[in-house]
Amino acid sequence: GIVYVNGEYLPAEEAKISVFDRGFLMADAIYELTAVVDGKLIDFPAHLARLDRSLAELDIVNPHGYDEWLALHRELVARNAVTEGSVYVEVTRGNTGERAFEYPPAEIPPTVVAFATNRPGIVDSPAAAAGLRIVTLPDLRWQRRDIKTVQLIYQAQAKMLAKRAGADDGWLVEDGFVTEGTSNNAYIVRKGRIVTRPLGNDILHGITRASLLRFAREAQMEVEERQFTVAEAQAADEAFITSATGFVTPVVEIDGTAVGTGKPGPVALRLREIYIDESR
Ligand code: PDD
């Protein structure tokens with residue numbers, strides 16, 4: 001495919017970044033992932049606002065304005081003929097020509113890398129039809145999970161531990177409460193109410209989460225932003241996750257215990273439908 005590196009569009013095989021890039025040496029970088037459906041970006045302004053915030057939290061100057069970022073996203077979608085899939089962008093603190101812990105001087109520009117991926121099956125998703133089996137794992141990440149950094153080693157490890165345990169994905173647990181999924185936000189449904197952890201430094205502020213809660217409230221569904229335990233999730237009527245490319249995906253099993261009927265629940269499926277209708 002055609003990728004973007006620091007102002008250039010070129011074939012992926014020809015794209016290069018320095019071994020001294022801080023993104024590579026220190027995971028000193030942030031990213032965003034925006035879904036594409038019918039060739040259109042989903043929730044783009046919110047993704048860009050979070051990109052801005054992640055950069056600001058790390059004192060990296062945003063190298064582009066809104067219109068430039070939008071043009072870049074659209075260009076990648078067009079050049080790669082993406083109808084359904086995603087656009088990934090990453091901004092690192094740049095190539096410092098050495099390995100040093102201190103931030104480089106301000107004149108070192110950030111590195112920008114981006115690519116688009118065609119991946120049909122986001123809207124008509126087999127995972128959403130079947131529901132996910134989840135296992136829980138301790139949340140061993142750093143404590144600024146609200147910043148969308150590329151420091152994803154524990155998320156990758158947790159996903160592999162979940163797969164090796166025969167599950168589809170993992171939910172992370174801290175002090176007895178579910179924080180979020182390895183790459184998604186976590187929810188349960190109790191007596192028709194949607195329960196999800198409140199925003200803080202301990203979870204990523206999901207863009208899909210924000211849209212979903214807005215749509216749910218507009219549909220007169222009750223939302224409780226509070227923590228929940230694994231036991232409460234296992235005893236819930238339903239459970240589900242949200243993410244940019246997963247939308248709303250039902251969870252049918254947690255640590256070997258069926259949730260509700262053990263099949264995707266009506267609230268999760270309705271929310272998935274609402275989300276798809278409202279956001280495309
Ligand atoms: N992951 N929590 C974590 C830890 C995540 O990595 C993600 C997204 C989410 C959901 O956020 P959003 O709704 O904005 O996608 C929550 C992306 C999809 C990824 O890393 O591929």
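Into which domains is the chain divided? The answer is domain 1 (2-118) and domain 2 (126-279), with bounds taken from an automatic or database domain assignment. This is a predicted model, in which local features need pLDDT of at least 70, side-chain atom pairs count only at pLDDT 80 or more, and totals for chains, interfaces and linings use all residues. Residues are numbered from 1 along each chain as its sequence is written.

**The two domains**

- The C-alpha centres of domain 1 and domain 2 lie 26 Å apart.
- Domain 1 gives 19 residues to the contact, and domain 2 gives 12 residues. Two residues are in contact if their C-beta atoms, placed from the backbone, lie within 7 Å.
- On the side of domain 1 that touches domain 2, β3 (29-37), α2 (44-57) and β5 (85-92) each give two or more residues. Such helices (H or I, at least four residues) and strands (E, at least two) are DSSP runs, numbered from the N terminus.
- β3 supplies the largest share of that side, seven residues.
- Nine residues of this side of domain 1 are nonpolar, five are polar and five are charged. Here Ala, Val, Leu, Ile, Met, Phe, Trp, Tyr, Cys and Pro count as nonpolar, Asp, Glu, Lys and Arg as charged, and the others, Gly among them, as polar.

- Strand β7 (residues 132-138) runs parallel to strand β8 (residues 169-174), and five bridges join them. Two strands pair if DSSP finds at least two bridges between them.
- I134 stands opposite D169 in β8.
- From β7, the chain crosses through helix α5 (residues 153-164) to β8 in a right-handed β-α-β crossover. Right-handed applies if, with the strands pointing away from the viewer, the path from the first strand over the helix to the second runs clockwise.
- β8 also runs antiparallel to strand β9 (residues 177-181), joined by three bridges.
- E174 has F177 in β9 as its bridge partner.
- The hairpin of β8 and β9 has two residues between the strands, and D175 takes a positive phi near 50 degrees there.

**Around the ligand**

- The shell around the ligand holds 14 residues, of which L204, G206, I207, T208 and A244 come nearest. A residue is near a molecule or strand if its C-beta atom, placed from the backbone, lies within 6 Å of it.
- α6 (207-218) and β13 (238-243) each supply at least two residues of this shell.
- The largest share, three residues, comes from α6.
- Eight residues of the shell are polar, four are nonpolar and two are charged.
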